[in-house]
Amino acid sequence: GVALVVAAGLDRLGRSGAWRGAALEASLFATLVLMRVGQWRDGIRLYEGNVRQYPGAHRARTNLGLAYYEVGRHDEAVREYQAAIAARPRYALAHLNLGACYRAMERPAEAETEYRTAHRLSPRDFRPALNLGSVLAARGARKEAMGWFHLAARLAPAEPDPWWRLA
């Protein structure tokens with residue numbers, strides 16, 4: 001349907017063989033895209049498809065973990081972040097996101113471990129320091145938390161969150 005309309009429109013632009021080839025190629029591409037739209041309906045379906053196709057892809061696993069996390073499917077998110085870390089142990093974002101997931105699950109000791117790992121792997125990223133400070137403050141380690149908030153503020157002086165935590 002749509003592919004034929006695209007092909008007909010491109011065919012009218014020119015009658016040369018090159019235009020006809022381009023019209024056919026565009027119509028085939030449009031058909032393939034429309035066939036996949038159902039898979040792109042939401043992030044979970046998209047990333048589940050990616051993970052099925054490429055099970056060792058650490059970024060696809062991290063994205064699927066985030067999609068699960070955002071809808072409160074924390075156990076599934078943990079599984080995906082752990083798979084991402086197994087595929088690429090030094091991928092700081094997976095550790096950072098796993099820490100956030102543990103925090104949401106009220107598992108602060110595990111969150112702290114993941115934030116420390118994320119900071120070690122990506123020491124210039126302010127987010128592990130900020131989140132680690134929050135975990136420490138919640139358990140009453142205010143002095144240590146303030147040190148992490150100061151570090152986060154130094155790493156990202158334009159970000160308001162570290163400054164609010166220091167106030």
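View 1. E106 counts as exposed, at 70% relative accessibility. The model shown here is predicted. Exposed means over 50% relative accessible area, so the 70% of E106 places this residue in that class. E106 sits in the loop between α6 and α7. Its backbone deserves a look as well. E106 is not a glycine, yet its phi is positive, at about 60°.

**View 2. The whole chain, for orientation.** The chain has 10 helices and zero strands. Followed along the sequence, its pattern reads α-α-α-α-α-α-α-α-α-α. The chain holds 167 residues, and buried residues make up 39% of them. Take the contacts between residues at least 6 apart in sequence: 37% of them join residues at least 24 apart.

**View 3. H58, a buried residue of helix α4.** H58 belongs to helix α4. Is H58 buried or exposed? H58 has a relative accessible area of 9% and is therefore buried, since the limit for that class is under 20%. The side chain of H58 also has a polar partner. A polar contact of 3.4 Å joins it to the side chain of R88.

View 4. Helix α4 covers residues 58-70, and Y69 lies in it. Y69 is partly exposed, with 28% relative accessibility. Which residues does Y69 touch, not counting those up to four places away in sequence? They are H74, A77, Y81, A100, C101 and A104. Y69 and A100 are 31 residues apart in sequence, while their C-alpha atoms are 9.0 Å apart in space.

**View 5. R103 in helix α6.** R103 is part of helix α6, which spans residues 92-104. With a relative accessible area of 36%, R103 is partly exposed. R103 is in contact with A111, Y115, N131, S134 and V135, once neighbours within four places in sequence are set aside. Consider S134 from that list. R103 and S134 are separated by 31 residues in sequence and by 10.0 Å in space, C-alpha to C-alpha.

**View 6. Helices α8 and α9, side by side.** Helix α8 runs over residues 126-138 and helix α9 over residues 142-155. Their axes come within 8 Å and cross at roughly 160°. Angles over 145 degrees count as roughly antiparallel, and α8 and α9 are therefore roughly antiparallel to each other. The crossing of α8 and α9 is left-handed. From α8, the contact is made by F126, A129, L130, L132, G133, S134, L136 and A137. From α9, it is made by E144, A145, W148, F149, L151, A152 and L155. What kinds of residues make up the contact of α8 with α9? They divide into 12 nonpolar, two polar and one charged. S134 links this view to the previous one: it belongs to the α8 side of the contact, and R103 is in contact with it.

Methods. Residues numbered from 1 in each chain as written. Predicted model: local features only at pLDDT ≥ 70, side-chain atom pairs only at ≥ 80, totals over all residues. Heavy atoms only, no water. Axes fitted to C-alpha atoms, helices over the stretch in contact; angles between N-to-C directions. Helix = DSSP H or I, 4+ residues; strand = E, 2+ residues; numbered from the N terminus. Parallel < 35°, antiparallel > 145°, perpendicular 65-115°, else oblique. Left-handed = near helix turned anticlockwise from the far one by under 90°. Contact = heavy atoms within 4.5 Å. Nonpolar A, V, L, I, M, F, W, Y, C, P; charged D, E, K, R; others polar. Buried < 20%, exposed > 50% of the residue type's maximum accessible area, 1.4 Å probe, protein only. Polar contact = N/O pair within 3.5 Å; in protein donor to acceptor, adjacent residues only side chain to side chain.
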